[in-house]
Amino acid sequence: MMEKDGMVVLLVFLNVLFIHTDAFRRDPAERQSRSEGGFCRILRTQTRGARRDGQSEFRLRVEGDPETYQPGSTYRVSLYASSPSYFRGFTLIALKEGREGVTPDDYAGTFKLIDESDTQFMTNCPPAVTESIPRRRTRIQVFWTAPPSGSGCITLKASVVQRKIIFFQDEGSLTKRLCEKDPAATTEKPIQECCACGTAKYRVTFYGNWSEKVHPKDYPRRANHWSALIGASHSRSYVLWEYGGFASEGVKQVAEYGSPVKMEEEIRQKGDDVMTVIKTKAQWPAWQPLNVRAAPSAEFSVDRARHLMSFLTMLGPSPDWNVGLSGEDLCTRDCGWVQRLVKDLVPWDAGTDSGVTYESPNKPSNPQERIRPLTSLDHPQSPFYDPSGGPITSLARVVVERIARKGEQCNTVPDTIDDIVADIAQEEKEEADNTPETCIYSNWSPWSACSSSTCDKGRRMRQRMLKAQLDHNVPCLHTQDFEPCMGPGCSEEEASTCMMSEWISWSPCSSSCGMGMRSRERYVKQFPEDGSSCTLPTEETEKCVVNEDCSPSSCVVTEWSEWEPCSVSCGVGMRRKERMMKMEASDGSPCRAQLVEAEKCMMPECTTDCMLSEWSGWSECNKSCGKGHVIRSRMVKLEPQFGGMPCPETVQRKKCKIRKCTKGSRTSDKRKRQEASDRRREIQSKESVAEESSACALRPWSSWTQCTKPCGGGVQERVMYVKKKGKSSQPSHCKNQKEVRACKVQPC
């Protein structure tokens, strides 16, 4: 070890060599004498001085950072250097635990190259992967397929060459140990049977966090949404989806198209294995503030036999990406029911489509792959890509809260919440959401005033707008909704219930700068007739922020106004909201707070009228003599859309007359006019004319000639020739027949 200019230079003579020998072809005696011989042996020279371990510079990583492997499954293995480090060469192997790579049986699984220009299999050791060309690099990736069941634990090892220094580790950041996953526990399941008593009722609430602010890379601004959430409370014998498993047709329909129909059908077919089907409506767009749109929720029940909860929802647009829970156990070890559960959700791939971006074209995975979590190292084009391999920021949070219990409970640890009820009502049947996924609506408007001002029954109405119809072959549902109602002061409920007023608007924020509180109130309009008191809340409070920057140099501003109406009545426009400066900064500095905010808004699609080109010129007459017609046309440049004016006629024709036909020529109506001077033919009857015409021997029509013009109206003609005179003479009036027609009438 030497020191120079304060820098420590480690002289390391650590060399890792993989040497392929023909030891297995030698006789046993020779193999016995060569104790160092082997298939791909690792020889290490003696180290002088300190050994470089490189733990802080280089790292070997398996996607998802698993501690176990699924036999036969394929994993992405990455070797990378932390900035500003790099490496020129490397070697990567996978060994069964406790083996040295002396025989082929020592190696576990198989590698598959991703980029053959960067990686290759070692010539003298086929199970190992190395660099194709020595050069500076910070990262390589390969696929590794795990060995079959019964292989036990394995060790992935890497050596890294940086200039003349070689790093190799038996443990640490360049070594990864994985053990075979229990085949009976593909998705984590309860270790023991549920011992809880009675039933419990829960509410699941889904809070989406997938937005352009949190996940800005390639965020799809126009069509982002969460599909309808679908799931169930079920027994251990039923699995909706699981990591390492294959997606069912129902899961595929949700993952690729956002359709829950097939998934719900599969769930209901499970009969007694399912207690409750869990459903919420789709969310367009994917994210909105909670004061604009409430988070979707649903209620479900569990019992001792069906104490697991699973669900999934697609983030769209995407190839086949989802979030969800699989087999979440709500039964506790002390024979009770979980009070509250909060989970942050990261995306997973259903294994049915191979796209790598939100809007990748359809590319079915063939063969179908296993369900796996997405990682930040999947593909450089992925919206979640992070070269450092960090975790993906959660896309959503789900909160599961217990709201009631029924029946005798047998939990060994006292529960802190007294929510036992006499009966748990059946989950209210939610209004069937038959809205096609191809129809995009605005939110429902508030309910109108009741049509009745007395206690007689009336009706009230709400409306929504159809923003877009993605598939015109699928009809969209109604945009108006009605329900029965009564006038103010009347109640359809039992007389013994409380009647409350509407909430009064929120009070001003208690703080003029930073975090504060605001409140709102309502009052009791009618007490129960039995004299009991009302237990419904009459006051609500919530946090509010008036001005986030409360430094002395900041100004004080009012709360934001409501959004102004959209700047257009149809299509895409802009809307804005404003706030005012209440107080200038104490130090006289200019106000840095944003006072105006604008965003795009989408109204119903604008009607588009049919648009036509100019008329082409008139074509030539379709007859060479006598009466005929000419035509002209125009093209449809834009079809009508969303109720626009339909297209008028695109072809017009009018009569034309070139010249009077001469004796013996045929007209289209088979009428023949004879010359005035020909008295004999004038006095002949029509029958004799027809008889003479039929006596002509004619050949079949020839093919149409090429059009005289490439566009703008040309002419084609064809001819029927008279057969040449043979033994039997032809009548003297027999002549060749010719037809003319217009062609290429489209404008140039």
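The conversation below goes through strands, a helix, salt bridges, backbone features and a surface patch.

Colleague: What kind of model is this, and what pLDDT do side-chain atom pairs need in order to count?

Modeller: This is a predicted model, in which residues are numbered from 1 along each chain as its sequence is written, and side-chain values use heavy atoms, with hydrogens and water left out. Local features need pLDDT of at least 70, and totals for chains, interfaces and linings use all residues, whereas side-chain atom pairs count only at pLDDT 80 or more.

Colleague: How many of the 9 residues of strand β13 are buried?

Modeller: Strands here are DSSP runs of E with at least two residues, and helices are runs of H or I with at least four, both numbered from the N terminus. Buried means under 20% relative accessible area, exposed means over 50%, and partly exposed lies in between, with a 1.4 Å probe and protein chains only. Strand β13 spans residues 154-162 and is largely enclosed by the rest of the structure, because its buried residues number 8 of the 9.

Colleague: Which strand is joined to β13 by 8 bridges, and which residue is the bridge partner of F90?

Modeller: Two strands pair if DSSP finds at least two bridges between them. The strand joined to β13 by 8 bridges is β8 (residues 89-96), and the two run antiparallel. Within β13, the bridge partner of F90 is V160.

Colleague: How many bridges join β13 to β15?

Modeller: Strand β15 covers residues 175-180 and runs antiparallel to β13. The number of bridges that join β13 to β15 is 4.

Colleague: Which elements do the buried residues of helix α2 pack against?

Modeller: Helix α2 runs over residues 249-257, and its buried residues are G250, V251, V254, A255 and E256. Just after this helix, G258 takes a positive phi of about 70°. With contact meaning heavy atoms within 4.5 Å, the buried residues of α2 pack against β18 (230-234), α3 (261-268), β21 (308-316), β22 (321-329) and β24 (348-349).

Colleague: Is D106, which meets R99 in a salt bridge, buried or exposed?

Modeller: A salt bridge is counted when a side-chain nitrogen of Lys or Arg lies within 4 Å of a carboxyl oxygen of Asp or Glu, and by this rule there are 26 salt bridges. The side chains of R99 and D106 meet in one of them, at 2.9 Å from N to O, and K96, R99, D105 and D106 are linked in a network of salt bridges. R99 counts as partly exposed because its relative accessibility is 33%, whereas D106, at 6%, counts as buried.

Colleague: How many residues apart are R203 and E299?

Modeller: The side chains of R203 and E299 meet in a salt bridge, with 3.1 Å from N to O. The pair links distant parts of the chain, since R203 is in strand β16 (residues 199-208) and E299 in strand β20 (residues 297-302), and the two are 96 residues apart.

Colleague: What is the relative accessibility of R518, which forms a salt bridge with E542, given that R518 counts as buried?

Modeller: The closest N and O atoms of E542 and R518 are 2.6 Å apart. The pair links distant parts of the chain, with E542 in strand β35 (residues 539-545) and R518 in strand β33 (residues 515-521), 24 residues apart. E542 counts as partly exposed at 29% relative accessibility, whereas R518 counts as buried because its relative accessibility is 17%.

Colleague: Where is P317, which a cis peptide bond joins to G316?

Modeller: A cis peptide bond joins W284 and P285, with omega about -5°, and P285 has its place in the loop between β19 (274-279) and β20. A cis peptide bond also joins G316 and P317, with omega about 0°. The place of P317 is in the loop between β21 and β22.

Colleague: Is C335, with its positive phi, buried or exposed?

Modeller: D218 has a positive phi of about 55° although it is not a glycine, and this residue is partly exposed, with a relative accessible area of 48%. C335, in the loop between β22 and β23 (340-345), has a phi near 65°. At 15% relative accessibility, C335 counts as buried.
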